[in-house]
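This report describes a structure for a reader at the start of their studies. Please keep the sequence and the model in view while reading.

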Amino acid sequence: MPLLDVRHLSIAFGAGEQPVVDDFSLVLEEGEVVGIAGESGCGKTVSMLAIMGLIGWPGRITAGLMRFAGQDLSALSPRKRRSLLGRDLAMVFQEPKSSLNPCFTIGFQITETLAAHTGLGRRERRSRAVELLQQVGIPAPESRLRSFPHQLSSGMNQRVMIAIALACRPRLLIADEPTTALDVTVQAQILDLLLERQRETGMALLLVTHDLAVIAGTAARVLVMYAGKVVEEGPTREVFASPRHPYTQASLDALPERHAGHARLAALPGSVPGLDERPQGCSFHPRCRFAAGVCRRESPALLPAGHGLVRCHLPLAGDGTRGP
Amino acid sequence: MLGVRSARHRRSPGRSRAAGIGWGTWQSFRSSHGPVLGLAVIGMFTAIALGADWLAPYSASEQFRDAFLAPPAWAEGGSTRFLLGTDPLGRDILSRIIQGAQVSLGIGFVAVLSASVLGVALGLAAGFSRGLVDAVVMRTMDVMLALPSLLLAIVVVAVLGPSLINAAAAVVAVQVPHFVRLTRAAVRAERAKDYVTASRLCGAGPLRLAFCTVLPNCTAPLIVQATLGFSTAVLDLAALGFLGLGAQPPTPEWGTMLADSRGFLLRAWWVVTFPGLAILITVLSFNLLGDGLRDALDPRLRR
């Protein structure tokens, strides 16, 4: 039984609106590290919030099935669902500064979660908080417990966020662009920290990012999203070595790391279509080098290709050229 | 100098859990004279109100038949027996003002406290719910705000009957809409922030979210509103008393004292001057304090 099993999830904001996320499926095994890549506005965060059950009004899950450790998430009562959050399912956000409550000390915020989900006493909660801060690499954790978020740097705050997320030893941690707001050296530290904690606790880690380089170094499997849909899924190594979807290929070509020696970076013309301007047929066809007639008429399905799945009428062959 | 200041700042978290109102706020508050003066005067009045039974030279309702309308001590014909003179019924004005502080400040405090508790509760409900609850609460408050405040107070007293407690209820009715609007606006602004989502991700339920996560972040404007509301409450209570709709004689309430001696204004200036001054000084002090708090609690206005 997979830890997390999401099938054909669709989310729309407002009745009768175009879905923001369409046909999103994800199977995650215990202890697995999976990356989700995509541009801003492609529905990464919304689908993660849906898994957590935090889609706010007027957002609505219009179709699909979500199971966590065998439980149907949408059938749970709000109270049961809340008791999962923070205990079995945890999440870290992009903006560490605004993700911590400015009114309370970080010690209070860590122990709050422990108080909600564990039967630990005040002393034990405190020592567990110190232990957690130590684990996420915060020096002098005992005195830091009394600090307020504004007294710490962004990197420190992100470590605190991770400590809170890890407080109850979750089985799944969703890291939603955990390094985007941090500078490059701190980014590497935070990623290393997440992976180290993942290895040590054996939790599953879902790493959401728009930075393909982050995924390359961390995740075993990758999902690439475009305009609310998963366009390619497969083992990271294979997807990066021989992308099957033209969007994945174009995104990889735009990575500076792959362009040592070239004068100009390859760029993908155009931009992601807005929610009300998503085209008929394949949503990527206006920007696709290989678009054919069928791409303009029919929306492709997610089908096996190579080592994974790809949503393309005319998937690329393994060598980067167009298939037969 | 700089080093000293930053060291102080670092020490601040140990003092209180709420970062919004801490050492820095006090530093900023202390730097201006008006608010500090206001705070001092309010402290003095509070002390007087609390110790009224010991401080007042006479009982508030004791009549001295040998001294009707005796002038204050320093005026012609005055004596140190009655420092601020006596009223038309021969009662010592100083004692009545001291006892009146208990009534005015006490009832004012209770009224503002009830108004803020009620207003914050309704504001949180409106801010967190959408649709019907929000619409019903806010439109009701709009109607209450559309009426001139004194008129609304008079309506409430007219319905409930004139008494000190009903006057307090009227003041609550006048003040609640302000608290509701302020709370709702602050809640709306805070609710969209990431830390609220983060708190939900840790499994916080709606009540915990409202009272433990969002409310502490909305306290600064509410404290200012409560302080300024206190001065309006004292003023409204006095106005209702003056109109005969609040405290009933012989209760030594400042507004009622004014009303009682209105007819002697031309013959004996002191009977209206001192209760009037008491109201003026109290209201002024609370306004000074409120303005100072607003500046100190809003980092953008800090110097």
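In chain A of this predicted model, strand E9 (residues 221-226) and strand E10 (residues 229-235) pair in the antiparallel sense over six bridges. Helices (H or I, at least four residues) and strands (E, at least two) are DSSP runs, numbered from the N terminus, and two strands pair if DSSP finds at least two bridges between them. Within this pair, Met225(A) stands opposite Val230(A) in E10(A). Strands of a sheet pair through backbone hydrogen bonds, either parallel or antiparallel.

Some conventions apply throughout. Residues are numbered from 1 along each chain as its sequence is written, while chains are lettered from A and ligands numbered from 1 in the order in which they are written. Because the model is predicted, local features need pLDDT of at least 70 and side-chain atom pairs count only at pLDDT 80 or more, whereas totals for chains, interfaces and linings use all residues.

**The sheets of chain A**

E9(A) and E10(A) belong to an open sheet of eight strands with mixed pairing, in the order E6-E7-E8-E3-E9-E10-E12-E11. Its edge strands are E6(A) and strand E11(A) (303-305), each of which pairs on one side only. Neighbouring strands of this sheet are turned by 25 degrees against each other on average, direction ignored. Axes are lines fitted to C-alpha atoms, for helices over the stretch in contact, and angles run from 0 to 180 degrees between N-to-C directions. Helix H7(A) (residues 154-166) lies across E6(A) and strand E7(A) (172-176), running at about 175 degrees to E6(A).

Chain A also has an open sheet of four strands, in the order E2-E1-E4-E5, with antiparallel pairing. Strand E2(A) (19-28) and strand E5(A) (71-72) stand at the edges, each with a single partner strand, so one side of each is left without a neighbour in the sheet. Strand E4(A) (residues 59-68) and E5(A) pair in the antiparallel sense over two bridges, and Phe68(A) stands opposite Gln71(A) in E5(A). In the loop between E4(A) and E5(A) lies Ala69(A), which has a positive phi of about 50 degrees although it is not a glycine. Helix H1(A) (residues 44-52) lies across strand E1(A) (4-13), E2(A) and E4(A), running at about 115 degrees to E1(A).

Chain A contains twelve helices and twelve strands. With 324 residues, a compact globule would have a radius of gyration near 20 Å, and the 21 Å of chain A agrees with this. The radius is taken over C-alpha atoms, and the globule rule is 2.2 Å times the number of residues to the power 0.38.

**The helices of chain B**

Chain B comprises 13 helices and zero strands. Two of its helices, H8(B) (residues 164-191) and H5(B) (residues 93-128), cross helix H11(B) (residues 219-242).

| Helix pair | Axes come within | Crossing angle |
|---|---|---|
| H8(B) and H11(B) | 10 Å | roughly 160 degrees |
| H5(B) and H11(B) | 9 Å | roughly 135 degrees |

Angles under 35 degrees count as roughly parallel, over 145 as roughly antiparallel, 65 to 115 as roughly perpendicular and the rest as oblique. The angle therefore makes H8(B) roughly antiparallel to H11(B), and it makes H5(B) oblique to H11(B). The crossing of H8(B) and H11(B) is right-handed, and that of H5(B) and H11(B) is right-handed as well; a crossing is left-handed if the near helix is turned anticlockwise from the far one by less than a right angle, and right-handed if clockwise.

Residues are in contact if their C-beta atoms, placed from the backbone, lie within 7 Å. Between H8(B) and H11(B), the contact includes Ala167(B) and Phe179(B) of H8(B) and Gly229(B) and Asp236(B) of H11(B). The residues of this contact divide into twelve nonpolar, five polar and one charged. Here Ala, Val, Leu, Ile, Met, Phe, Trp, Tyr, Cys and Pro count as nonpolar, Asp, Glu, Lys and Arg as charged, and the others, Gly among them, as polar. Between H5(B) and H11(B), the contact includes Ser104(B) and Val120(B) of H5(B) and Gly229(B) and Phe230(B) of H11(B). This contact has twelve nonpolar, four polar and no charged residues.

The peptide bond from Pro249(B) to Pro250(B) is cis, with omega near 10 degrees.

Definitions and conventions: Contact = placed C-beta atoms within 7 Å.
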